[in-house]
Every structure is written in structure tokens, then in C-alpha cells.
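Good morning, and thank you for joining.

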Amino acid sequence: MNTSTNASTAASTAAHAAHIRVNGVGKVFASEGRQVVALQDIDLAIPHGQFVCLLGPSGCGKSTLLNAVAGFSLPSSGRILVDGREVTGPGPERGMVFQEYALFPWMTVEKNIAFGLEIKRRPKAEIDAIVERLLKMLSLSDFRARYPKDLSGGMRQRVAIARVLALDSPIMLMDEPFGALDALTRRNLQDELLRIWSELQKTIIFVTHSIEEAIYLADRIVVMTYRPGTVKRDMLVEIPRLRDPAAPDFNELKRELGHLVMEEQQRHHSDELRMAAVD
Ligand SMILES: Nc1ncnc2c1ncn2[C@@H]1O[C@H](COP(=O)(O)OP(=O)(O)OP(=O)(O)O)[C@@H](O)[C@H]1O
């Protein structure tokens with residue numbers, strides 16, 4: 001069975017409807033007197049509602065690309081467009097979930113979720129209704145009065161997701177959001193995210209270095225190369241959901257992606273050895 005196809009063909013037919021467009025994006029950092037080309041010539045057209053995983057070993061520019069889409073750190077060259085408008089900084093249509101939960105420790109769960117809406121001065125009745133709906137959606141109702149320090153990692157990450165959902169951003173940017181969680185909690189949250197995504201029709205860009213996580217979640221996987229970060233492979237995952245990591249088609253794709261990621265991992269190691277020799 002064919003479990004994947006090249007996404008560039010599908011993306012080009014969907015390009016006119018692209019929600020997010022990354023056009024010729026490059027990013028260069030200056031570090032200890034050296035120039036690090038973190039991204040080079042990245043082109044992506046992401047349609048509304050697509051779930052995209054950026055996959056690759058450490059240092060291949062996944063977070064740099066996500067931060068550029070978020071508007072936290074702008075590209076050195078090229079442009080990023082959201083609904084045809086150039087990204088020049090963060091915006092309400094793009095919500096970000098980080099690996100480290102980024103919650104306010106002095107606020108309860110419900111206050112954390114309500115915070116963004118209060119800043120926007122939305123009416124109290126509206127805030128209460130939204131918070132109530134999200135507490136239920138993310139199974140947090142019994143924990144509403146707790147502080148982040150009294151929650152497990154999985155619960156904290158649920159609150160972080162609820163905070164972004166409260167603002168109803170059509171785009172969710174997620175930087176290894178489940179990377180610090182144990183395997184069981186991680187799978188539960190992946191399932192919840194898939195449920196929320198299919199219910200709310202968000203466009204998601206999700207960074208991971210877990211091949212299994214990418215196959216489990218994504219409509220489309222973009223494998224990146226190590227320095228410079230470019231698109232090595234851009235594929236659509238055509239295995240029906242919910243996907244079974246033990247199934248042959250899942251494993252076939254896992255092997256294929258494993259080879260691609262391993263090549264970049266090896267380039268990373270050779271680079272580190274070369275740098276150590278220079279120093
Ligand atoms: N602020 C910075 N200054 C200098 N170099 C940077 C900076 N941010 C990132 N880099 C470099 O850019 C490259 C890409 O980094 P980035 O964090 O985007 O990779 P990544 O794929 O997200 O890795 P990880 O999974 O470890 O987070 C790396 O070589 C990194 O060292």
C-alpha cells in the first residue's frame with residue numbers, strides 16, 4: 001500500500017488557497033564570530049486545516065522556522081504570508097504552544113485560561129463561557145482551582161493548549177509540546193489534539209523529532225536537512241486515522257523516514273566532530 005505521496009504536487013494545487021505561505025525563507029545567525037545558516041530557501045504552501053509536522057534531528061532549524069512563522073524572529077531573506085498578509089511580528093491569528101508550559105505560576109488553571117481574553121477586555125460572561133467549554137474539552141474541570149505547581153506535566157500542557165484555544169487562533173504553532181511527557185500521557189494528549197483539531201479545523205504546524213509522533217499526527221511531514229536547514233522531503237501521509245503504530249503501513253513509513261532522519265543525524269555528528277577539531 002502506498003502510505004505517502006510527495007506533498008509539493010498536492011501543495012501546488014492548493015497553493016491558491018494557502019493559509020500559510022513560506023516563500024524562499026532563509027535565516028542566518030551570527031554565533032561566536034561564525035555565521036550559522038539555520039534556514040535556506042524554504043518554500044511551503046500550507047492550506048487551511050492542514051496538520052503539518054516539521055521533522056528532523058536537533059539543530060536542523062525546526063524551531064527557527066516555527067519562530068519565523070510565529071513572528072518572534074523574522075527571516076533574514078524571503079517572506080512568510082498568512083492569508084496573503086506578510087508576517088512582521090506575532091499576531092492573534094497565530095497561537096503558540098511551547099514545550100515548557102509557559103503558564104503563570106501565580107494563577108489558577110481557570111485564570112491561566114482566561115488571561116488572554118481578560119487582556120482583550122472581553123465581557124465576563126463570554127470569558128466564563130469560553131473557559132467552561134475549554135475546561136470540559138480538555139478534561140480540566142476538576143482541576144480548575146489548582147495552581148500549575150500542583151499539576152502533572154500532562155495537565156500543565158493541557159492548560160497551555162486551552163490557553164491558546166481560548167484566543168481562537170485559526171493557526172496553532174506547537175514546538176515539541178509533548179516532548180517532556182511520559183509515553184502514555186503523550187499518546188493521550190496526541191489523541192486529544194487530533195480530536196480538537198478535527199473538531200475546530202485549525203491549521204497546525206507541529207515540531208517534533210519523533211518519527212512515530214509525526215506519522216501518528218500529521219497530514220503532511222516536512223523532513224528538514226541539518227545546516228543549512230532546507231526541505232529534504234515533503235510528503236503527505238495517507239494512512240487513515242486513528243493510526244496504529246504496530247500496523248505494517250505505519251512501520252513501512254517509519255523505516256523510510258528513519259533513513260532520511262538518520263542521514264541528517266550523521267551530518268550533524270560529522271559537523272560536531274569537525275568543529276571540535278577546529279576549536
Ligand atoms: N539565537 C541563535 N543564535 C545563534 N544560532 C542559533 C540561534 N538559534 C538557533 N541557532 C542555530 O540554528 C540552528 C537551528 O536551530 P533550531 O533550534 O531551529 O533547530 P531545531 O531543529 O529546532 O533543534 P532542536 O530540536 O534541538 O530544538 C542550530 O544550528 C542552532 O544552533
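How much of the 279 residues do buried residues make up? Buried residues account for 40% of the 279 residues in the protein; a residue is buried if 20 or more other C-beta atoms lie within 10 Å of its own, exposed if 12 or fewer, and partly exposed in between, with C-beta atoms placed from the backbone. Please note that this is a predicted model, in which local features need pLDDT of at least 70 and side-chain atom pairs count only at pLDDT 80 or more, while totals for chains, interfaces and linings use all residues. Residues are numbered from 1 along each chain as its sequence is written.

Let me begin with the overall form. The protein contains eight helices and eleven strands; these are DSSP runs numbered from the N terminus, with helices being H or I of at least four residues and strands being E of at least two. Its C-alpha atoms fill a box of roughly 55 × 45 × 40 Å along the principal axes.

Four strands form an open sheet in the order 3-2-5-6, with antiparallel pairing; two strands pair if DSSP finds at least two bridges between them. Strand 3 (34-47) and strand 6 (85-86) stand at the edges with a single partner strand each, so one side of each has no neighbour in the sheet. Further in, strand 2 (residues 18-31) and strand 5 (residues 77-82) pair over five bridges. Asn23 stands opposite Arg79 in strand 5.

Next, helix 4. This helix (residues 124-137) has 14 residues and reaches 20 Å from its first C-alpha to its last, close to the 20 Å expected at 1.5 Å a residue, where the expected span is 1.5 Å times one less than the number of residues. Ile127, Ile130, Val131, Leu134 and Leu135 are buried in helix 4. They lie on the same side of helix 4, because they cover an arc of only 135° around the axis, the arc being that of the directions from the helix axis to the C-beta atoms. The face turned away from that buried side carries the exposed residues Ala125, Glu126, Ala129 and Lys136. Just after helix 4, Ser139 takes a positive phi of about 50°.

Finally, the ligand. It is surrounded by 14 residues, the closest being Phe29, Ala38, Ser58, Ser63 and Thr64; a residue counts as near if its C-beta atom, placed from the backbone, lies within 6 Å. Strand 2, strand 3 and helix 2 (62-70) each give two or more residues to this shell, and helix 2 gives the most, with three residues.
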